[in-house]
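Thanks for coming. I will take a few minutes to walk through one structure, and you can follow along on the screen.

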Amino acid sequence: METLITILAGVLVTVATYLILSRSLIRVILGTAILSHAAHLLIMTMGGGLKIGSVPILGEGNGTFVDALPQALILTSIVISFAVTAVALVLAYRTYQETGTDKLDELRGMKHE
Amino acid sequence: MSTLIIAIMVPFIAAAMIPFLYKKIVKLHIGWFAMLVSTILFIYLARFIPSIARGETFAHTINWMPSYGINFAAYLDGLSLILALLITGVGSLVILYSIFYLSSKESLGHFYTYLMLFMGAMLGVVMSDNMMVMYVFWELTSISSFLLIAFWYQRKRSREGAKKSLLITVSGGIAMLVGFIMIYVMTGTWSIREVIAGAGGFASHHLFIPAMLLLLLGAFTKSAQFPFHIWLPDAMEAPTPVSAYLHSATMVKAGIYLVARFTPVFGGEAIWFWLVTGVGLVTLFWGSFHAVRQKDLKALLAYSTVSQLGMIMSMFGMGSAALYFGYSTESVVYTQATFAALFHLVNHSTFKGALFMVIGIVDHEVGTRDIRRLGGLATLMPFTFTIAMIGSFSMAGLPPFNGFLSKEMFFTAALTIHEAGIFSLDAWGTLIPIIAWVASIFTFVYSMIIVFKTFLGPYQEEKLEHPAKEPPVGMLIAPGILALAVVGIFFFPNLLGDYLLTPAMAGIFPSFATEGLGVSIYAWHGFNREIWMTIGVVVAGILLYRFRTYWMGIYKIFDDKWSFNSLYSYVISFMEESSTTFTNSYMTGYLRDYMVYIYLFFIVAIGGTIIYTGTYAFDISGNAPITEFEWILTFVMMIAGISILFAKSRLTAILLNSILGYGVAAFFVLFRAPDLALTQTVVETVTTVLFLVAYYFLPEWQKEDVPRKSRNVNLIISVSVGVIFTVIALAVQNGKLFESISSYFEDSYKLAGGNNIVNSILGDFRALDTMLEVVVLLIAGIGVYTFIRLKAKKEDEHIENQ
């Protein structure tokens, strides 16, 4: 299971990297969103064994719990990545309003060439 | 004697106080405070003269980084004392002069802060025993010199001159630092005294010659020796008090001090002898030769300073020959060159300081320094004229002024050295007195130009900005005192010799008995070769001066196109252009390129490490079993992820992204993480809405019309990144290095009073993190709001272009 999830995360990282390398700003933002999904799955597999034990709430199950620490970290991460995505989207919106383009190669702030 | 260290620190403290005093005290000129500090230091240092003359030295150390041997070690011996007295003495006079020279409209707070900074740094250079500390002070003098040259920073030439001097002296300083480090490698100590004590023990080390060359590079750049002299004439853009102080009396002597200080270590080597003597002589000739052609009086003085510094340098070179022979009655003859060098060091500071101040007075009163516009000022400015004459005649080497004495001793040294019979002097030695003599003729000519072209000849008032008149008395005091010193030293040279120069000799030749090092200076020693050389200089000089219109054409040979100045400008502009081209070639401003650099680094560094160390491990034995539903979910997510790349419309892309998000939420359910599943579902929903709203305002999802080549590069990079990511993740899973700390949190009810472990971690164990996370959300919220609502005001738009 861990191996499968890791490979899934790897596929998502590949997709995210490809999107981040694109010209269009919205693709880049989408790429970062996918990257955070991959990261969450990865953190999950890093805990002490998937699906071993019950929900990490005292009084549930037979006394063994799945690893709670990765869950706490991921919870923080979900919220933060949401904030990042929101800011990036608004930044893209504002950039488009001001410059009329979302193409990153047209947005380079230089006067050379 | 901890007061020595305090003495070095006092100017720095004063520099820190001046800006505040300048604001507080409006009525009194802030220069008086600076002068008070400087004068007190001078008196304090002068009190050391009797004990130093008895052969004592003073040292005090404050530990700084003892484990590295870098300590704040102050050391005062005869050599340091001469320089320290010049720094504080000439400093006081220059400050007195500047009080009348600079109008109160100038930013005096800055000026005196920089000046005090320089004084402290310079005292630090001459009184540091630790090479590292000395280097720091050395660079600090360069920086304060930069600030002072650019004092009138509105002028382009000031800024350029400042930049030039900084670039040249600091590059030399770095070379010197490397030299110091080499010396440390050879000797294992940073202390100059200990290096000198061990001198001779490491002469065969392979770093010995490189260390010497780098050290000399530092000294030559600082003391404006050929071909690094080009910064000094440009530094004359500084206010005249600065030129008088830094660029003739003190800072440019730092290189000479360095040579003198390290003579016991390197002296006696043929390379040292030839480099110091040769570069000194070339500089002497080149400087005096070019001084004659200058039309600006200050430029003339700048070249003359270059030339005089070369003369002092060459004498230190000649004196170093004495160390070749070791201590004996014959070798003491050569030490007289060093004695003459020290003597001329002091003399030069007196007459050149006076001359700079006089030129400053002329400039200040009539508004020009161009000798074509000046003339006939003698009757209108009699006191100024007198001082100028004393200074110039001393520089020309005429009696009864101190320059005559040191010039005679210079001839003696040049004549003696070519008979020494070492370092292949038989072949080239005859050149030394010839160059010395020819250069002295040019020195005589430009000294005459200062006096005759400025003060005699026809008075042309229509060419001047203001009619000539004597300056305020205050301006005449400082150059007057220096002029008195010029005459005084001529009549009582041995006072200076016995109390200051002879003790300084002991610092340069520590292995020699002090009695043999002192020299009695006589103004008259009969009709010997030296006096005939002087008479020859005067006769030839007068002839050259009278008929200079006939031979001035010679300077046309030295086209500006082939000068060191144009080489410097060429190198600077070449470096600027090539670095701009190079930087622009990879700083494209295109996000994709930067991401490519980051990913490439990741691939090479991390992937390379994995392959190199062979740490990849793969093992599925400990894995949890996979149910059919999980297989399906995984494949759905993989397909959804890959399909995003081929999505035709943005709606498809958004929905595919939601599939990923909800898929992750489903996995959270399977992995027994109810809190995560709930949060993920909510967040994914909001994110999808947000994407949809944002896309409504953004342009249509377009096909990526980038070249196939860069698309392939992107593909290769992303696949490599994904593969390396997976390999690392798998390797980490199979190599647990330590026990998990998670079981600690399972005690959450007792520790935090919560049954939900995840919530306890967030709300209790790591409550501060969670609070800051909320702050992040708040900032993000403000950011979103600002981006949407705030519009640039009209008047703000152009601010950046000003």
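B:P227 sits in the loop between α9 (208-222) and α10 (231-234) of chain B. Helices here are DSSP runs of H or I with at least four residues, strands are runs of E with at least two, and both are numbered from the N terminus. The peptide bond from B:F226 to B:P227 is cis, with omega near 0°. B:A224 is found in the loop between α9 and α10 of chain B, and its phi is near 55°, a positive value in a residue other than glycine.

Before going further, this is a predicted model: local features need pLDDT of at least 70, side-chain atom pairs count only at pLDDT 80 or more, and totals for chains, interfaces and linings use all residues. Residues are numbered from 1 along each chain as its sequence is written, with chains lettered from A and ligands numbered from 1 in the order in which they are written.

There is another cis bond, from B:P399 to B:P400, again with omega near 0°. B:P400 lies in the loop between α17 and α18 (402-417) of chain B.

That brings us to α17. The axes of α17 (residues 382-396) and α20 (residues 431-455), both of chain B, come within 8 Å and cross at roughly 165°. Axes are lines fitted to C-alpha atoms, for helices over the stretch in contact, and angles run from 0 to 180 degrees between N-to-C directions. α17(B) and α20(B) are therefore roughly antiparallel to each other. On that scale, under 35 degrees is roughly parallel, over 145 roughly antiparallel, 65 to 115 roughly perpendicular, and the rest oblique. Residues making the contact include B:F385, B:M389 and B:F393 of α17(B), and B:F444, B:M448 and B:V451 of α20(B). Contact means that C-beta atoms, placed from the backbone, lie within 7 Å. By class, this contact has 11 nonpolar, four polar and no charged residues. Ala, Val, Leu, Ile, Met, Phe, Trp, Tyr, Cys and Pro count as nonpolar, Asp, Glu, Lys and Arg as charged, and the others, Gly among them, as polar.

Next, α26 of chain B, residues 591-613. This helix has 23 residues and reaches 32 Å from its first C-alpha to its last, close to the 33 Å expected at 1.5 Å a residue; the expected span is 1.5 Å times one less than the number of residues. After α26(B) comes B:G614, with a positive phi near 65°. α26(B) packs against α30(B) at an angle of about 40°, with the axes 10 Å apart, and the two are therefore oblique to each other. Among the residues that meet are B:F602 and B:I606 in α26(B) and B:V721 and B:I724 in α30(B).

Chain B puts in 83 residues and chain A 75.

Chain B has 34 helices and two strands, and its C-alpha atoms fill a box of roughly 120 × 65 × 55 Å along the principal axes. Chain A has three helices and zero strands, in a box of roughly 65 × 25 × 15 Å, taken likewise along the principal axes.

Notes:
Two residues are in contact if their C-beta atoms, placed from the backbone, lie within 7 Å.
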